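Here are my notes on this model, point by point. Have the coordinates open while you read.

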Amino acid sequence: MDKRITGVVPIVLTPLKKNGDIDTQSCERLVDYLIENGAAALFALGSASEGYLLDNKQRLEAVSAFAKAARKRVPLIVGCSHLSPRNVFEFLKQIKTIGVDGVHYIPEDLKLGDDRLVHLVKSYAEKSPVPLYLYHNTKRGKKITLKVVKALKPHPNIRGIKVGGYDREEMKAFLEVEDDGFQILGSGGGQFLDWLQLGASAVTASSACCFPILFQKIYNEYLNGDLLAAEEHQTKWNEFHSAIPNTASENGEYAAEEKYVLRQLGVIKEDHCHFPLRSLSAMEKQQVNFALKKYCKLLYS
């Protein structure tokens, strides 16, 4: 795996059956859909992927399906986070033969001190068979400070950090610590263009799992210097996103909306979320259908 990822990195949702089991066939179709539409890498088992709700058996089943479909065409980076260190070490041992290219880690112990966090992450990096990426997401885990980043970035098996958040100054501060061996991955469909303008070479987004063509378009327009077109498409995307339901206030994520979109596109079979998250109501599905129809030219071409 090359050290630097460049382009659109979809956060891969985790297709599920009604009973919570992994829908491996839909996992494989989803990966093909994303790679065929320009994904630079795949970021799986993260927050929007409901990875925090899956046990290790489910995680391994999903990772195996994703890796089987990816066939090393693009890097596959999967979540290893768990409050129990023994579970993390076991997961790292189990993925050795699966064929992933990296792991990402959200520190789930909110009270852990920075020095202990540095020690913990270094311990995981030492045992990981693939490069480790930090995952800064204060809605899901402990805040990863710049002090922690600077202490960890010299480690040869720690490759970078994915930064979630909406604070432009914080985004800039993280990008200032980037170098050839340590990459900052931006995050968020609504901040996609902002990240590019600040200097990020790769941006992750769960919305790119549904609409990889749109985000590839924004990325290419920015890269080619057509900022007006990129801004217009980003603005239109934000309008679309405001027009669909918002279950994040209950679910914490947009998994319900995004899974329903993928089902409507024929990419996954069902739109079930993992317990205790809920799926969309009939009225909410109608709202999504209306928005998809209204913005179809933007989203699909």
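**Notes on the model**

1. At 53% relative accessibility, Lys-72 counts as exposed (exposed is over 50% relative accessible area, buried under 20%, partly exposed in between, with a 1.4 Å probe and protein chains only). Lys-72 sits in the loop between helix 2 and strand 3, and its phi is near 65°, a positive value in a residue other than glycine. Helices (H or I, at least four residues) and strands (E, at least two) are DSSP runs numbered from the N terminus.

2. Before going further, the ground rules. This is a predicted model, where local features need pLDDT of at least 70 and side-chain atom pairs count only at pLDDT 80 or more, while totals for chains, interfaces and linings use all residues. Residues are numbered from 1 along each chain as its sequence is written, and side-chain values use heavy atoms, with hydrogens and water left out.

3. Have a look at Arg-71 too, in the loop between helix 2 and strand 3. Phi of Arg-71 is near 50°, again positive in a residue other than glycine, and Arg-71 is exposed at a relative accessible area of 52%. For context, most residues other than glycine have a negative phi, and most peptide bonds are trans.

4. Pro-276 belongs to the loop between helix 12 (255-264) and helix 13 (282-294).

5. His-272 lies in the loop between helix 12 and helix 13. Leaving aside residues up to four places away in sequence, His-272 touches Leu-16, Lys-17, Lys-18, Lys-259 and Ser-279 (contact means heavy atoms within 4.5 Å). Its C-alpha atom is separated by 26 Å from that of Val-203, 69 residues apart along the chain.

6. Now the barrel. Eight strands close into it in the order 1-2-3-4-5-6-7-8, with parallel pairing (two strands pair if DSSP finds at least two bridges between them). From one strand to the next, the twist averages 25°.

7. Strand 3 (residues 76-79) is covered on both faces: Leu-76 and Val-78 are buried on one side, Ile-77 and Gly-79 on the other. In a regular strand the side chains alternate between the two faces of the sheet.

8. What about the neighbours of strand 3? Strand 2 (residues 42-44) runs parallel to strand 3, joined by three bridges, and Ala-44 stands opposite Val-78. The chain gets from strand 2 to strand 3 through helix 2 (residues 56-70), in a right-handed β-α-β crossover (right-handed if, with the strands pointing away from the viewer, the path from the first strand over the helix to the second runs clockwise).

9. On to strand 4 (residues 102-105), which is parallel to strand 3 and joined to it by three bridges. Gly-79 stands opposite His-104 in strand 4. Helix 3 (residues 85-94) carries the chain across from strand 3 to strand 4, and this β-α-β crossover is right-handed.

10. Further along, strand 5 (residues 132-136) and strand 6 (residues 158-163) pair in the parallel sense over five bridges. There, Tyr-135 stands opposite Lys-162.

11. Last, the helix pair. Helix 9 (residues 212-223) and helix 10 (residues 227-243) pack at about 155°, axes 7 Å apart, which makes them roughly antiparallel. Residues in the contact include Phe-215 and Ile-218 of helix 9 and His-233 and Trp-237 of helix 10.

Terms used
Axes are lines fitted to C-alpha atoms, for helices over the stretch in contact, and angles run from 0 to 180 degrees between N-to-C directions. Angles under 35 degrees count as roughly parallel, over 145 as roughly antiparallel, 65 to 115 as roughly perpendicular and the rest as oblique.
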